[in-house]
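User: I would like to learn how to read a few features in a model. Please take them one at a time.

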Amino acid sequence: MEGTDPVNKKLAATLSGGAVLALALSGCGSSDNGNEKLDAWAKQVCDAVQPQAKKIEAANAAIQKETSDNSKPEDVKKTDAKAFQDMSAAYKAIGDAVQQAGAPNVDNGAKKQQDAVKELHGISASYASLEKQVDDLDTKDQAKFADGLKGIATALNKLSQSGNDALKTLEEGDVGKAMAKQPSCKSASAPASATAG
């Protein structure tokens with residue numbers, strides 16, 4: 001399994017970067033100026049994001065674990081496919097939560113909300129596509145399997161580097177401040193970075 005091991009390690013490292021996307025919704029900042037509607041919106045979104053962020057972390061951990069020992073290609077394939085499936089579902093759920101919460105009570109709130117929903121659903125679709133690619137990998141031919149994993153790592157790398165601009169825009173200013181006050185957003189963001197905020 002030596003051929004695929006470094007590739008799967010790279011996959012795991014790339015995934016850790018991608019997980020930060022899910023936690024991008026957990027803003028940092030000082031208190032806002034008492035916008036009750038916005039606080040209610042932030043609570044609704046943060047409460048919905050927290051369990052999904054945990055799912056994404058668990059999926060990451062599963063892939064990391066699978067790369068830490070000399071795993072069989074079949075096991076790697078199974079674990080990676082399940083992880084991508086879970087991530088796809090989690091990002092869709094976060095997008096749905098932002099959709100259901102409605103527009104935040106800020107300037108251009110509706111546009112920011114819709115852009116973020118579109119982005120989250122796009123990320124979800126990308127993970128679903130990666131799941132299909134993993135499912136299609138040939139585990140009998142180790143060289144082919146390693147090449148296939150390399151392609152998935154490349155796609156994953158692109159995914160982790162792109163696509164959270166609308167989320168960043170959504171949580172600028174007062175929205176981020178309102179989210180930072182929510183306990184559920186604080187606990188969702190804690191593992192991502194100890195220095196954030």
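User: Where is Ala89 placed?

Analyst: Helices are DSSP runs of H or I, at least four residues, numbered from the N terminus. Ala89 sits in helix α3 (residues 73–101). This is a predicted model: local features need pLDDT of at least 70, side-chain atom pairs count only at pLDDT 80 or more, and totals for chains, interfaces and linings use all residues. Residues are numbered from 1 along each chain as its sequence is written, and side-chain values use heavy atoms, with hydrogens and water left out.

User: How accessible is Ala89?

Analyst: Buried means under 20% relative accessible area, exposed over 50%, partly exposed in between (1.4 Å probe, protein chains only). Ala89 has 43%, so it is partly exposed. Its C-alpha atom is 6.6 Å from that of Ser124, 35 residues apart along the chain.

User: Which residues does a disulfide join?

Analyst: A disulfide is a pair of cysteine sulfur atoms within 2.5 Å. Here Cys46 is joined to Cys185, S to S 2.0 Å. Cys46 lies in helix α2 (residues 36–68) and Cys185 in helix α8 (residues 183–189), so the pair ties together parts 139 residues apart in sequence. The link is left-handed, with -85 degrees about the S-S bond. Both Cys46 and Cys185 are buried. The whole structure has one disulfide.

User: What does Lys112 contact, beyond neighbours within four places in sequence?

Analyst: Contact means heavy atoms within 4.5 Å. Lys112, in helix α4 (residues 109–135), touches Asp107, Thr169 and Leu170.

Technical notes:
Helix = DSSP H or I, 4+ residues; strand = E, 2+ residues; numbered from the N terminus.
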